[in-house]
Amino acid sequence: MKLHPRHAWDVSPAEAVALQKRLAGEVVADRPIDLRTVRLVAGVDVSVKQNRSHAAIVVSTYPDFRVVETVTAERPTPFPYIPGLLSFREGPVLEEALEQLRSGPDVFLFDGMGTAHPRRIGIACHMGLWLERPTIGCGKTRLVGRNDPLPEEKGAHVPLVDRGETIGAVVRTRTGTHPLFVSPGHLADIPSAVALVLACTPKFRLPEPIRQAHKAAGAFG
DNA sequence: GCGACAG
DNA sequence: ATCTTGTCGC
């Protein structure tokens, strides 16, 4: 599908931070997603094997999760893992995979943060600018922010707060398991991001689209 | 200076 | 993330 790149990926860590500070102002993270209009949901994931990065995007129907399209891409891993700069490591291979999409997903679920990021521009926000479509960040562990105790029951969620700002939510997608860190990417907001993630998690801890993408990217775990 | 730190 | 077997718990 058509992408809208804002800059080249071949930059230094210092330049990457400068780019994030500029791009953060373009992210729209206060717009509800109308779940009644969602028909197709994409799961996005990247796995790294030696020096190669493998990306997979799996598009499924919503809310029954029948796979309708899978695209993959493979490239040399271009950037080290630096907390806060994940986009610059996974962005290039994701760009190559996203270009191949022919179905038009209504929303994209990313394995990583959205606004729950030091500069409020995690990978879901960043790629959301490339896509100009709704995106949601769904991380398995915390990058930044603090939260009050979370009830053990599936569906429970509490605000994730950083420097006095609510940047996302900690969500229990399954009773008695570690929670997910959910935040809006681009063209989404916190309540609808939480609602969609829960609606995409009928059985396991991770949303169905992300599980599918994780498999297609060739990861184990 | 010290601790924290998505994937 | 990845390297890796069996094992504890719902």
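1. Let me start with E26, which is partly exposed at 32% relative accessibility (buried means under 20% relative accessible area, exposed over 50% and partly exposed in between, with a 1.4 Å probe and protein chains only). Its salt-bridge partner is R6, with 3.0 Å from N to O between the two side chains; a salt bridge here is a side-chain nitrogen of Lys or Arg within 4 Å of a carboxyl oxygen of Asp or Glu. The pair ties together distant parts of the chain, 20 residues apart: E26 sits in the loop between α1 (13–23) and β1 (40–49), and R6 in the segment before α1. R6 is likewise partly exposed, with a relative accessible area of 30%.

2. A word on conventions. This is a predicted model, where local features need pLDDT of at least 70 and side-chain atom pairs count only at pLDDT 80 or more, while totals for chains, interfaces and linings use all residues. Residues are numbered from 1 along each chain as its sequence is written, chains are lettered from A and ligands numbered from 1 in the order in which they are written, and side-chain values use heavy atoms, leaving out hydrogens and water.

3. How many salt bridges does the structure hold? There are 11. One of them joins R211 to E208, with the closest N and O atoms 2.9 Å apart. These two are separated by about one helical turn because they lie 3 residues apart in helix α5 (residues 208–216); helices are DSSP runs of H or I with at least four residues, strands are runs of E with at least two, and both are numbered from the N terminus. E208 is buried at 13% relative accessible area, whereas R211 is partly exposed at 28%.

4. A network of salt bridges links R120, D162, R163 and E165. Within it, the side chains of D162 and R163 meet at 3.4 Å, N to O. D162 is buried, with a relative accessible area of 15%, but R163 is exposed at 66%.

5. R163 also brings us to a hairpin: β6 and β7 have 2 residues between them, and R163 in the turn has a positive phi of about 50°. Strands β6 (residues 157–162) and β7 pair in the antiparallel sense over 6 bridges, where pairing requires that DSSP finds at least two bridges between two strands. P159 has A169 of β7 as its bridge partner, and A169 is in turn partnered by V182 in β8. The β7–β8 pairing is antiparallel too, over 3 bridges. In β7 (residues 165–171), 5 of its 7 residues are buried.

6. Helix α3 (residues 123–131) is worth a look: 9 of its 9 residues are buried, so it is largely enclosed by the rest of the structure. Those residues pack against α1, α2 (87–98), β4 (107–110), β5 (135–139) and β8 (180–184), with contact meaning heavy atoms within 4.5 Å. Just after the helix, E132 takes a positive phi of about 55°.

7. Which residues come nearest to DNA strand B? Of the 18 around it, they are Y81, G84, K140, T141 and R142; a residue is near if one of its heavy atoms lies within 4 Å.
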